[in-house]
Amino acid sequence: MTAHHPIYLFRHGETVWNAEKRAQGHLDSPLTETGRAQAKVMGQELARELARAGFASTEVIVRASPLGRVRETLAIAAEAAGLAHDESSFDHRLREIIWGDWDGLNGQQIEAGWPGALAARRQNHWNYAPPSGENFPMATVRAQPALDEIVALAGERPVTVFAHGMIGRLIRGLFLRAPDAEILAMDQPHDAFFRLHGGAVARIKAEG
């Protein structure tokens with residue numbers, strides 16, 4: 001999959017539930033102090049990246065998950081990078097893969113309520129769907145058309161995408177047409193973002 005202009009893909013900064021190792025899915029928690037600092041540094045690094053590539057921040061298209069932790073990250077990063085965005089920038093297809101009945105729970109609570117379920121998920125990570133939740137194939141149904149639209153937009157201008165850990169891995173994998181196992185092995189950092197361009201993905205570390 002190719003795009004004439006680069007696509008910059010971000011995960012939100014660290015949240016309270018990330019720090020507590022709780023599943024978030026479509027539920028939410030605010031950014032921690034560390035998460036807010038990560039968002040600012042990522043915005044500053046994006047500004048440098050755009051300058052190196054010869055792009056004005058005002059010409060960059062923004063697409064983002066509408067969930068609160070991404071909105072908070074985007075607000076901070078956009079201020080640091082000079083990005084313009086409004087409600088039309090948010091796309092529900094970029095929401096995180098939902099954990100369903102496990103949203104808001106930590107591993108100990110999940111194991112107590114669904115004994116053996118986490119082990120079953122580890123055995124079949126790609127296809128396993130938590131109760132009332134999604135697996136990766138289910139999320140692909142919404143992620144692929146969202147990515148197709150983003151790639152089309154990148155035919156005209158650079159695009160920044162602010163999303164989540166699991167859905168971000170899936171978007172990168174779909175862009176690369178990577179096998180399932182490779183997608184599952186991808187990292188999902190809070191302090192780095194990715195440039196999708198020319199059929200390749202590059203990791204950009206956000207330096208404070």
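Please note that the model on the screen is predicted.

Next, colour helix H2, residues 33–53, in which Glu 45 is placed. Is Glu 45 buried or exposed? Its relative accessibility is 7%, and because buried means under 20%, Glu 45 counts as buried.

Now show the side chains of Arg 48 and Arg 52. The side chain of Glu 45 makes a polar contact of 2.7 Å with the side chain of Arg 48. A polar contact of 3.4 Å also joins the side chains of Glu 45 and Arg 52.

Phe 193 belongs to an aromatic cluster, together with Tyr 8, Phe 10 and Phe 162. Across the whole structure, a search finds 7 aromatic pairs.

Then select strands E4 (residues 192–197) and E5 (residues 200–205). The two strands run antiparallel and are joined by 6 bridges. Which residue of E5 is the bridge partner of Leu 196? The partner is Val 201. The hairpin of E4 and E5 has 2 residues between the strands, and Gly 198 in this hairpin takes a positive phi near 60°.

Finally, view two arginine residues beside aromatic rings. Arg 172 lies over the face of Phe 194, at 3.7 Å from the ring centre. At Phe 90, the charged end of Arg 71 sits over the ring, 3.9 Å from its centre.

Technical notes:
Residues are numbered from 1 along each chain as its sequence is written. This is a predicted model: local features need pLDDT of at least 70, side-chain atom pairs count only at pLDDT 80 or more; totals for chains, interfaces and linings use all residues. Side-chain values use heavy atoms; hydrogens and water are left out. Helices (H or I, at least four residues) and strands (E, at least two) are DSSP runs, numbered from the N terminus. Buried means under 20% relative accessible area, exposed over 50%, partly exposed in between (1.4 Å probe, protein chains only). A polar contact is a pair of N or O atoms within 3.5 Å; within protein, one must be able to donate a hydrogen and the other to accept it, and residues adjacent in sequence count only if both atoms are side-chain atoms. Rings of Phe, Tyr and Trp (its six-membered ring) pair if their centres lie within 6.5 Å; planes under 30 degrees apart count as stacked, over 60 as edge-to-face and the rest as tilted. A charge sits over a ring if NZ of Lys or CZ of Arg is within 6 Å of the ring centre and within 35 degrees of the ring normal. Two strands pair if DSSP finds at least two bridges between them.
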